[in-house]
Amino acid sequence: MRLLDVGAGLCAAALVVGAFAAPAQAGEPSEPSSETPVAQDLRSAGWGPKETGKTARFRGLAAVSRSTAWVAGSQGTVLRTVDGGRSWQDVSPPGAVAEGLELRDIEAFDARRAVALSIGEGEASRVLRTEDGGATWTETFRNPDPRAFYDCLTFFDARHGLAMSDPVDGRFRILSTDDGGRNWRVLPAAGMPEALPGEAGFAASGQCLVSAGPRDVWLATGGGASARVLHSADRGLTWRVAESTVPAGDPARGVFALAFRDRTTGLAVGGDYRTGQASPQAAAVSSDGGRSWRQAAAPPPAYRSGAAWLPYGRGAALAVGPTGTDVTTDGGRSWRALEPGSFDTVDCAADSGCWAAGEKGRVARLERR
């Protein structure tokens, strides 16, 4: 639409203590607290801006690690850092720049390999791929159907991935690759439920299509009578649908982003993206793989377009939007403000590297204050 297992968790928790928590002084008494260690650590964390020197709006973001990240955005812009954001390399595909393509999603496997999606009607929707850190790009898909409009992209691993389009002939269209994005094919529509009138995805943060594990994938919708989440357990061949609690009933409302910690535990955020419009109940949680959704007891106070689980604490996640960043430490049941400032998307790497990106070239990394 226009617009970890216990062992791994303990290791990751050690990483966040090193990254964010202020060291205690020897012999200094500690005050008792009802907060978890992760919640206390997050109170001393905030976004550290990383100057990009660009003015593009970055809605595509891939966090590889604390040192390496990719961003993609307006006017065909793609940037890459390998030094934690101290410097950025402009690796924009020349053709995308020349045509002013809107790159709304990027998925990176490491510092050299990435796949980017441009959005738009017909041939404006394309997939581009690099294997050399963005020095060269290959266009591997150009949408031939003027009725299709691709919104988001996700990968299960370095070989298998999907992209999704707004409904064509009454059903969301799914594009599939099994060779790392070199070749793509449209999947049969027989396993896809019918779309609601006006229903579509939001190309707002690259998170309207997300995956967890080797086969599970979820698709977020809005614009229809209800905001729905579709789930496939077979890499997009068949889907089941569930209504979320996020308000819809208007082209500007719905679920804008999903984040799944594993194949059962998920978050949905969204609302009404129009400036000044209220967005109550703009977050929901699922504990059964998206079969059902519960409204967050204390949701973010406004529209949010991006969400990501932090790779430690199991219940910790971030949500971002034009009016600020919120954090949860109880699995999405309640959210509190982390700090103001506009971001469109957020992503976290396994080594605790969390990045956010948005308008006017803004990119930041979560850091200790």
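Which residues touch the most other members of the largest nonpolar core? They are L42, W47, L310, L318 and L366, out of 18 residues in that core. The model is predicted. Its chain has 3 helices and 28 strands. Of its 369 residues, 59% count as buried.

**Overall surface**

- The accessible surface of the chain is about 14700 Å².
- Carbon and sulfur atoms account for 51% of that surface.

**The largest nonpolar core**

- L310 is one of the residues that touch the most other core members.
- Beyond four places in sequence, L310 touches L42, A316, A317, L318, C348, C354 and L366.
- In soluble globular proteins, nonpolar side chains tend to be buried together.

**A283, a buried strand residue**

- A283 sits in strand β20, which covers residues 283-286.
- Its relative accessible area is 1%, under the 20% cut-off, so A283 counts as buried.
- Setting aside neighbours within four places, A283 contacts T245, V246, A268, V269, R294, Q295, A296, P299, P300 and W335.
- R294, one of these contacts, is 11 residues from A283 along the chain.
- The C-alpha atoms of A283 and R294 are 8.7 Å apart.

**Salt bridges**

The whole structure holds 25 salt bridges.

*R182 and E131*

- R182 pairs with E131, with 2.7 Å between the closest N and O atoms.
- The pair links distant parts of the chain, 51 residues apart.
- R182 lies in the loop between β12 (171-177) and β13 (185-186).
- E131 lies in the loop between β8 (126-130) and β9 (138-142).
- R182 is partly exposed at 43% relative accessibility, and E131 is partly exposed at 41%.

*D169 and R147*

- D169 pairs with R147, with the closest N and O atoms 2.8 Å apart.
- D169 is in the loop between β11 (161-168) and β12, and R147 is in the loop between β9 and β10 (149-155), so the bridge ties together parts that are 22 residues apart in sequence.
- D169 is exposed, with a relative accessible area of 61%.
- R147 is partly exposed at 48%.

*R253 and D272*

- R253 pairs with D272, and their closest N and O atoms are 3.2 Å apart.
- This bridge joins two strands: R253 is in β18 (residues 253-260) and D272 is in β19 (residues 266-272).
- The two residues are 19 residues apart, and the pair links distant parts of the chain.
- Is D272 buried or exposed? D272 counts as buried, because its relative accessibility is 2%, under the 20% cut-off.
- R253 is partly exposed at 29%.

*A linked network*

- E99, E123, R126, E139 and R142 are joined in a network of salt bridges.

**S211 and its polar contacts**

- S211 lies in strand β14, residues 209-212.
- Its side chain makes a polar contact of 2.9 Å with the side chain of T154.
- The S211 side chain also reaches the backbone oxygen of F155, at 3.0 Å.
- Beyond four places in sequence, S211 touches T154, F155, F156, D216, V217 and W218.

Most residues other than glycine have a negative phi. Two residues to check against that background follow.

- R235 has a positive phi, near 55°, and is not a glycine.
- R235 is in the loop between β16 (228-232) and β17 (240-243).
- R235 counts as partly exposed, because its relative accessibility is 21% and the buried class ends under 20%.
- S352 also has a positive phi, about 80°, although it is not a glycine.
- S352 is in the loop between β26 and β27.
- Although S352 sits in a loop, S352 is buried, with a relative accessible area of 1%.

Terms used. Residues are numbered from 1 along each chain as its sequence is written. This is a predicted model: local features need pLDDT of at least 70, side-chain atom pairs count only at pLDDT 80 or more; totals for chains, interfaces and linings use all residues. Side-chain values use heavy atoms; hydrogens and water are left out. A nonpolar core is a set of buried Ala, Val, Leu, Ile, Met, Phe, Trp, Tyr and Cys residues joined through side-chain atoms within 4.5 Å. Buried means under 20% relative accessible area, exposed over 50%, partly exposed in between (1.4 Å probe, protein chains only). Contact means heavy atoms within 4.5 Å. Helices (H or I, at least four residues) and strands (E, at least two) are DSSP runs, numbered from the N terminus. A salt bridge is a side-chain nitrogen of Lys or Arg within 4 Å of a carboxyl oxygen of Asp or Glu. A polar contact is a pair of N or O atoms within 3.5 Å; within protein, one must be able to donate a hydrogen and the other to accept it, and residues adjacent in sequence count only if both atoms are side-chain atoms. Accessible areas come from the Shrake-Rupley method with a 1.4 Å probe; for residues, only the protein chains shown count as cover.
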